[in-house]
Amino acid sequence: MTVIRVTKEFKFEMAHALTNYDGKCKYIHGHSYVLNITVAGQPNCQQNNPKLGMVIDFGDLKKIVNDNIIERFDHSLVLSKIAKLADNLKHEYQKVEIVDYQPTCENLVIHFTEILQPLLPQNIVLHHLRLNETATSYAEWFANDN
Ligand SMILES: [Zn+2]
């Protein structure tokens, strides 16, 4: 059988600040992120299966990603736990994600990969994940590199 990759794109708005960074991203600001998730597998070939011909139902992938990443991070402020006011901001604004890493595009990709991998069906592998922070800047994780 042939292995096929399928990709779904997600968009969300998120603020962050890079604590101790030496550029403009040290300030709290937002981005319109675009997340592309590519999984690989063999199209279902069971004639009576409602998912015949599919690697994964796009709707199933959408639900996994929406429930575990988009709902959590969309319209949130993501700060490293080393940010001094992080706890106060979370108390004041609620949707503040305090993470144990610097919330760069690269580290967000690693975090999203760690969230998704255990949630995918057994017959599907996460092939790569691409997170655009701007129209011209993105970070990618590839299974083959790791
Ligand atoms: Zn930024």
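Q: What is the bridge partner of V34 in β5?
A: The partner is N132. This is a predicted model: local features need pLDDT of at least 70, side-chain atom pairs count only at pLDDT 80 or more, and totals for chains, interfaces and linings use all residues. Residues are numbered from 1 along each chain as its sequence is written.

Q: What makes β2 and β5 a strand pair?
A: Strands pair if DSSP finds at least two bridges between them. Seven bridges join β2 to β5 (residues 125–132), and the two run antiparallel.

Q: In which sense do β1 and β3 run, and how many bridges join them?
A: They run parallel, with three bridges. A15 has L77 as its bridge partner in β3 (residues 76–80).

Q: What is the strand order of the sheet?
A: The order is β4-β3-β1-β2-β5-β6, an open sheet of six strands with mixed pairing.

Q: Why do β4 and β6 count as edge strands?
A: β4 (96–99) and β6 (138–142) each have a single partner strand, so one side of each is left without a neighbour in the sheet. From one strand to the next, the twist averages 30°.

Q: What makes the elements helices or strands, and how many are there?
A: Helices are DSSP runs of H or I with at least four residues, strands are runs of E with at least two, and both are numbered from the N terminus. The protein has three helices and six strands. Along the sequence the pattern is β-β-α-β-α-β-α-β-β.

Q: Which strands does α1 touch?
A: α1 packs on the sheet and touches β1, β2, β3 and β4. Contact requires C-beta atoms, placed from the backbone, within 7 Å. The direction of α1 makes about 20° with that of β1. Such angles run from 0 to 180 degrees between N-to-C directions of lines fitted to C-alpha atoms, for helices over the stretch in contact. α2 (residues 86–93) lies across β3 and β4, at about 155° to β4.

Q: Why is I64 called partly exposed rather than buried?
A: Buried needs 20 or more other C-beta atoms within 10 Å, exposed means 12 or fewer, and partly exposed lies in between, with C-beta atoms placed from the backbone. I64 has 19, so I64 is partly exposed. I64 sits in α1 (residues 58–73). I115 is 51 residues away in sequence but 9.9 Å from I64 in space, C-alpha to C-alpha.

Q: What percentage of the 146 residues is buried?
A: Buried residues make up 18%.

How values were computed: Contact = placed C-beta atoms within 7 Å.
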